[in-house]
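Q: Can you walk me through this one? I'd like the ligand site to begin with, then the helices.

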Amino acid sequence: MIIILVGAPGSGKGTQAKQLSERYGLAHLSTGDIFRGEMAAKTALGEKAAAYVKSGQLVPDNIVTEMVAGRMDPASPKYLLDGFPRNLEQAHSFSKDLASMGLAVDLVVYLSLPEAEVVKRLTSRRVCAKCGEVFNLLSMPPKAPGKCDKCGGAVVQRDDDTQATVTRRLLVFRDLTEPLVAYYRAEGVLRQVDAAGAMDDVTKKVAAVIDGHLAETKKK
Ligand code: AMP
């Protein structure tokens, strides 16, 4: 089963993907997390990606598509992708790569959220520099200011969550990622979920969509 979560930065893709991958036994593949990990470890890939990630631009398609294909195991094709594909080119090459493995995208869930809410969520988002736990100063602040509830690490703002970079990332989303929604809708695999509201409620809505898809597939 190959499921893709699409949504603006801050729509909750990462948080939802963590919950849902566990629930459905899928491997969670987040291209943003991979880049941040490679950057922290100062690998060649991390060095290549750093300038793009920090300025809110997309890393070039060839780097991303190769990286994703290299991390997929055709023998166990159960993936929940978050943050990939991010534009039409990536979607087309991904479909080709999947077809060469005898696979196809099963379901694309679009987490939709008004832009004003996106900006509010992103600029108030904070992450643990050590374990990656995500907080929000407005809705889910750490118990002790600046300190991670889970591991005690420093809670910081991501370089690309500043107001200026958020504006750039939203433009990128509108120009490059939104056309993906139309593409997958035309393919008949897209389902839209309202991502406003509490995290658990959104998880329930996405789970209902996945359950519906599984039930349909069983009938066929
Ligand atoms: P995210 O955590 O998904 O918001 O991704 C953070 C940053 O990583 C993005 O702003 C891009 O610079 C880069 N990135 C993540 N996924 C992709 C992708 N599929 N294509 C290109 N760049 C990506």
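Q: How far is an oxygen atom of the ligand from an N or O atom in the side chain of R169?
A: The distance is 3.3 Å. That is a polar contact (a pair of N or O atoms within 3.5 Å). Keep in mind that this is a predicted model, where local features need pLDDT of at least 70, side-chain atom pairs count only at pLDDT 80 or more, and totals for chains, interfaces and linings use all residues. Residues are numbered from 1 along each chain as its sequence is written, and side-chain values use heavy atoms, with hydrogens and water left out.

Q: OK, what about R86 and the ligand?
A: A polar side-chain atom of R86 is 2.9 Å from a ligand oxygen. For R158, a polar side-chain atom lies 3.4 Å from an oxygen atom of the ligand.

Q: Which residues come nearest to the ligand?
A: T31, Q57, G83, R86 and Q90, out of 17 residues around the ligand. A residue counts as near if one of its heavy atoms lies within 4 Å.

Q: How does that shell divide by residue type?
A: Seven are nonpolar, five polar and five charged. Here Ala, Val, Leu, Ile, Met, Phe, Trp, Tyr, Cys and Pro count as nonpolar, Asp, Glu, Lys and Arg as charged, and the others, Gly among them, as polar.

Q: Which helix gives the most to the shell?
A: α2, with four residues. Both α2 (31-40) and α3 (44-55) supply at least two. Helices are DSSP runs (H or I, at least four residues), and strands are too (E, at least two), numbered from the N terminus.

Q: Switching to the loops. What's going on at K42?
A: K42 sits in the loop between α2 and α3. Its phi is near 50°, a positive value in a residue other than glycine.

Q: Where is P85?
A: In the loop between β3 (79-82) and α5 (88-100). The peptide bond from F84 to P85 is cis, with omega near -10°.

Q: Last topic, helix packing. At what angle do α1 and α8 pack?
A: About 45°, with the axes of α1 (residues 13-24) and α8 (residues 199-219) 10 Å apart. Axes are lines fitted to C-alpha atoms, for helices over the stretch in contact, and angles run from 0 to 180 degrees between N-to-C directions.

Q: Why are α1 and α8 called oblique?
A: Angles under 35 degrees count as roughly parallel, over 145 as roughly antiparallel, 65 to 115 as roughly perpendicular and the rest as oblique. α1 and α8 are therefore oblique to each other.

Methods:
Polar contact = N/O pair within 3.5 Å; in protein donor to acceptor, adjacent residues only side chain to side chain.
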